[in-house]
Amino acid sequence: MTSFYGASARNEATLEVRQILEGLAPGEGDLLEALHRVQHRYGYIPQAAIPGVAQHLRLPESRVYGAVTYYSEFRQTPPPETKISWCSGPACYIKGSENLRLVLEGLLACGMGENTPDNRLGLHLGQCNGTCDNAPQVWVDGEVVGPLTPSKTVELVRRLQAGDQP
Amino acid sequence: MPTYAELEAQAAPAKRRIEARDRPRLAVGIDTSSIAVGALKTLDALRALVASRGLDADVVQTGGNGLSFANPQVEVGRAGGSRILYQHVDAEDVPDFLESVLVRGEQTNRWLLGALGGSPASGVARMDDHAWWSVQERRLMSEMGLIDPESIDDALATGAYAGLERSLVMTQEDVIAEVTGSKLGGRSGGFFPTGRKWDFLRTSPTTPKTMVCNADEGDPGAWVNRMTMEDDPHALIEGMLIGAWAAGAATGYIYVREEYPLAFERVVKAVEQAYERGLLGKDILGHDFSFEMKVVRGAGSYVCGEESGLIASIEDARGMPKIRPPYPAASGVFGQGSNVNNVGSYHCAAWIMRHGVEKYADVGTERNPGTMLFSLSGHVQRAGCFEFAFGVTVGQAYEICGGGAPVGHTFKALQPGGPLLGVLPEFALDLAIEPEAFREKGAVGLGGGGFVFLDDTACVIDLCAQFEWFLEDESCGRCTTCHGGTQRMVEIIRRIQRGGGRESDIGKFRLIADTLKYSNCFHGQFAPSIIVNTMTWFAAELEEHIFSRHCRAGVCKGLTRYEAGRDKATRAEYAEAYARAAETCLTLAMRRAAGDAVEGQEPCLECVVCAELLPQAVHVVDAFEQGDPAPELISIQPAYE
Ligand SMILES: Cc1cc2nc3c(=O)[nH]c(=O)nc-3n(C[C@H](O)[C@H](O)[C@H](O)COP(=O)(O)O)c2cc1C
Ligand code: FES
């Protein structure tokens, strides 16, 4: 994996990652926590951070990479400025969340897990968190917006595109 | 280390505050459900106004009480034990609300929900007057909404850790005998006897031993574990400590799913506070018992809720389930003998040891004493989390607590316990809430507490597509039967939903369902449940989709088309709605329908905004006429990747 980023970038990243991971130790089940910290720091898990995590926890890089790709909440690309999470749960689904998804993807011209080209808005596939009384809903940077209809979703996206509050 | 009596004494000021002995107490229930509808803003507004007006009252946060439909709620407590709940108190209402309850000292106003205790003034409804309240047996939830989940003193003031204190002077065998005697069954939905599980670990030759709490609550539509973690987290820690004492464990892990940030935060805080008070660590409560606890945050994976996947996830790995045996009691986290229980199982165990097994068995049925939390959602009038004694029927839960179907609609199906547990038709309403009652009728099970209700606007085939997609997406990928089988299911259902159903599809479903049984873990083994249920109980609807290419609910996108009336009279009558729909529609389709001469062909996005804005003139029609050829190329691409 060195070729891609070059040795110096890799060393720099490794140094910073070391700092983030202070207090975590090999063999204690700290990999998830390590990845959470990296994602907290960068907003995603840059590929250049993987060797640092692997070294710190004395795990093969493949193991770290395997965990990054296994869990749906770890991103490998930078997050958008404003993240719209669409709830894929059943209460939202039977109340028409599929229609909301079509509006979101249609207006933003990107799919789930992708961002608009300017990175301002992005879509995320969310799981039910038990706020189903607001179904169907989305979370804008973690805040529930619902119950929504297709037209309210159009208005929501237009507001966000204009830089306004949800 | 402080003794239990010392801790109780320390909590005396908290007790005075909870009981509003010195001044009125305004408590706002704060949890994920109430924050979603602005409860934090209500709390801030109350705090600011009480301070600026110099009113003599405590304004505090408490946990939520499960009544999502009534949020944001404020409870007003007064000396003498009066506790009155008010509903839908939004931030803008705060000035008028305070004027009413504090300045004028009124009990009744437009926000009144009901009195919980004391002797309310005449004309004030009691919570018990509401059938949706009195049909519940609120025990595990009795502190939810009363105490601040971020304050261990509040918990101690209302009896937390009394069950631990009682257990620590009992022998391990006696504690296990009491929990076994309660017939407590695992609340993940497996209902495996918790006492027996603890005994497996106690008698396992391994040492040291580990207690694990499964707080992954992956089943969408269920948030009962979240209630315990967000609204009464010390009950969970207490239950784990009791189990650890009984089974001889020295370390513990609580594995909380990523999607529950507030639950994670509150559990972490509760663990920290428990350490500060000597309820975790060495020589707990002055007894010869030590226990270390760690809280682990998941990262979004359904199969990590399966116990061997969960254990793998704690151990620095991808959370792929393993073939058992060995069971966790023989080899669990880092090879140590382990016990994995759901949050609700520990919560119940704490209740049993606090109040005793006789009291526990006061309610419920002979084979299932006690209570369980259920979250009701979907097509109901009141969504929320409720606590029922076993034996109450699903119909009572649905009609009385849920308020039944939305006006003008009728019950169609129940989806209990998440994507692996299928879907049940009308008879579901007659079932007693007991795992046996569900299984006797051929259902997979009762599940872990999530009930999603469907009315006649929902399409069961469409739900099959959604659940099979979910199960495909969440398959760990170890067995081909599971990842290949679920993928094949999704492809076939999506083809049917696009009008390409074939006579052979039913046979294919059966073949795949039979094959999936040979998967390693329950994820694959139960993945076909919803399809198998649909073939049994919704056969007519499925056949309509395959043979008549008709979706009776008008939901499946490929089988329905939306047609806007184009005649002049209709356009003139609803001109405004036409204009709005044309403006909002993301393609040119509605502008054309509204009469604009527009160039170009853009496919309709099927988002149905037109039907929402122009219900008078937009109608659902079948996309296929009898005898139309099957569409040539059917996209079965996964929609979300
Ligand atoms: C795919 C899959 C997902 C599961 N998810 C959960 C879960 O989110 N929470 C849970 O408590 N149990 C879940 N289980 C059940 C656990 O494997 C295990 O049986 C349970 O934690 C035992 O707890 P109990 O005995 O207290 O019920 C899941 C099982 C499977 C097969
Ligand atoms: S289904 Fe969307 S919040 Fe529960």
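**Architecture, interface and ligand shell of a two-chain predicted model**

Chain A contains eight helices and four strands (DSSP runs numbered from the N terminus, with H or I of at least four residues for helices and E of at least two for strands). Residues are numbered from 1 along each chain as its sequence is written, chains are lettered from A and ligands numbered from 1 in the order in which they are written, and side-chain values use heavy atoms, with hydrogens and water left out.

Along the sequence, the elements of chain A follow the order α-α-α-α-α-β-α-α-β-β-β-α. The C-alpha trace of this chain spans about 50 × 30 × 25 Å along its principal axes. Chain A is split into domain 1 (9-70) and domain 2 (82-161), with bounds taken from an automatic or database domain assignment. The C-alpha centres of these two domains of chain A are 30 Å apart. A cis peptide bond with omega of about -10° links A:Ala135 and A:Pro136; A:Pro136 belongs to the loop between strand 2 (121-126) and strand 3 (138-140) of chain A.

For chain B, the assignment gives domain 1 (12-129), domain 2 (159-171 + 203-343), domain 3 (371-455), domain 4 (460-548) and domain 5 (557-635). The C-alpha centres of domain 4 and domain 5 of chain B are separated by 31 Å. Their contact (heavy atoms within 4.5 Å) takes seven residues from domain 4 and nine residues from domain 5 of chain B. About 650 Å² is buried between these two domains, 60% of it on carbon and sulfur atoms; buried area is the accessible area (1.4 Å probe) that two parts lose on being put together, summed over both. On the side of domain 4 of chain B, B:Gln497, B:Arg498 and B:Gly499 lose the most area to domain 5, together 67% of what that side buries.

Most residues other than glycine have a negative phi, and most peptide bonds are trans. B:Ala20, in the loop between helix 2 (12-18) and strand 1 (25-29) of chain B, has a positive phi near 55°. B:Arg324 and B:Pro325 are joined by a cis peptide bond with omega of about 0°, and B:Pro325 is placed in the loop between helix 14 (307-314) and strand 9 of chain B.

Between the chains, 49 residues of chain A are in contact with 61 residues of chain B. The two chains bury about 4500 Å² between them, of which 58% is on carbon and sulfur atoms. In chain A, the greatest losses of area to chain B fall on A:Tyr70, A:Tyr93 and A:Ile94, together 16% of what that side buries.

Polar contacts are pairs of N or O atoms within 3.5 Å. A polar side-chain atom of B:Asn341 is 2.8 Å from an oxygen atom of ligand 1, and a polar backbone atom of B:Gly305 is 3.2 Å from a nitrogen atom of ligand 1. A backbone N or O atom of B:Arg187 lies 3.3 Å from an oxygen atom of ligand 1. The protein covers 89% of the 620 Å² of accessible area that ligand 1 has on its own, by the Shrake-Rupley method with a 1.4 Å probe.

Note on methods
This is a predicted model: local features need pLDDT of at least 70, side-chain atom pairs count only at pLDDT 80 or more; totals for chains, interfaces and linings use all residues. A polar contact is a pair of N or O atoms within 3.5 Å; within protein, one must be able to donate a hydrogen and the other to accept it, and residues adjacent in sequence count only if both atoms are side-chain atoms.
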